[in-house]
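Please keep the sequence and the structure in view while reading.

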Amino acid sequence: MHNWARYLIFFQYIGTKYRGVVKVPPQQLGQSGVQEHLEEAIKRLKPVNPVSLSVSSRTDAGVHALSNSAHFDLQRKNDKPPFTADVLVEALNFNLKEQQIRVTHAYRVPDDFHARYRAQSRTYVYRVALGVTHHTLLPLTDWNLCWGLRNTELDIDAMHEAAALLVGTHDFSSFRAVNSDLPFKNPVKTVDVVTIQPGSSFAHSHFHRRLQFWELTFKSQSFLYKQVRRMTGVLVAAGQGRLSVSQVKQILDARDTLAFPHDVAAPAYGLFLKSVDYKESELDVAAFCNARLLLSDNDLIF
């Protein structure tokens, strides 16, 4: 069918008011996930087919995304040709204007493309602010967008040493939280990158109080449930002197979720899904197809 297409979209959101990215069960009245609002935006384009969004990377309640991704199929009415990528992005954002969700890019992809299984890696960034004795000390631009600590400094050398233990292929059972998927998920993961680098406030040029920010970055093909928040919490605890580097190794070697210290996991609101990466060749092909489509379709949707 020439009016049917599969799209890959990249989207960002402030997760504060959402119960995570995926759909919320119907019994949880008054709550919603990012997926519901994206699907509603797609439905307003009046497709013939039922709308079903496949999200590449799950994020929990309160977690944000600079770039998540998903794919969906769309067939237009009355034999109209598929939307171009630019028109689709504009239309979805028009329908999302009430939400803290924005679509940044779209690609038309092959019919067998899957946003989750084709992803090569996922990168998360966790933001920490130091010297925050009360939440009102943070600028509004960083409200619920970082973890404010009372500490005025951290032992960064200890954090780097502990971070090195987490790089590579390990059984991360100690770093996953219990959920319904636990018996079915392989706890062995390969973490390619763990870095700790200076960061800044989103309003650093316009805020009267100087606060020290740090960014912890983690990259892997996939992560376990709450793994990034637990790794962040352990590294921060090492920087605070609450955990030694040898204790971090003991937690990793225990391979037991019950071995993880109580109240050490970092809160959700400082975490950002920074990017979901695919093979450049796949997106290059998609971009080429979109360019050809643009030449043949001057259709407007409004």
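**Overall form**

With 302 residues, a compact globule would have a radius of gyration near 19 Å, and the value for the protein chain, 21 Å, agrees with this. The model is a predicted one. Its protein chain contains six helices and ten strands.

**Dimensions and surface**

- Taken along the principal axes, the box filled by the C-alpha atoms of the protein chain is roughly 65 × 45 × 40 Å.
- The protein chain exposes about 15400 Å², and 50% of this area is supplied by carbon and sulfur atoms.
- Of the 302 residues in the protein chain, 50% count as buried, a term that stands for under 20% relative accessible area.

**Contacts and charges**

- Consider the contacts in the protein chain between residues at least 6 apart in sequence: 75% of them join residues at least 24 apart.
- The protein chain carries 34 positive and 29 negative side chains.
- The centres of these two sets of charged side chains lie 5 Å apart.

**Strand 9 and its partners**

- Strand 9 covers residues 213-220 and runs antiparallel to strand 8, to which eight bridges join it.

**Strand 7 and strand 8**

- Strand 8, which spans residues 188-199, is also joined to strand 7 (residues 168-171) by four bridges.
- Strand 7 and strand 8 run antiparallel.
- One of the residue pairs here consists of Asp171 and its bridge partner in strand 8, Val188.

**Helix 2**

- Helix 2 comprises residues 85-95 and is mostly covered, with eight of its eleven residues buried.
- The buried residues of helix 2 include Ala85, Val87, Leu88, Val89, Ala91 and Leu92.
- Two asparagines, Asn93 and Asn95, are likewise buried in helix 2.

Conventions
Residues numbered from 1 in each chain as written. Predicted model: local features only at pLDDT ≥ 70, side-chain atom pairs only at ≥ 80, totals over all residues. Heavy atoms only, no water. Rg over C-alpha atoms; globule rule 2.2 N^0.38 Å. Buried < 20%, exposed > 50% of the residue type's maximum accessible area, 1.4 Å probe, protein only. Contact = heavy atoms within 4.5 Å. Areas by Shrake-Rupley, 256 points an atom, 1.4 Å probe, with all protein chains shown as cover. Lys, Arg positive; Asp, Glu negative; His and termini not counted. Charge placed at Lys NZ, Arg CZ, Asp CG, Glu CD. Pairing = 2+ DSSP bridges.
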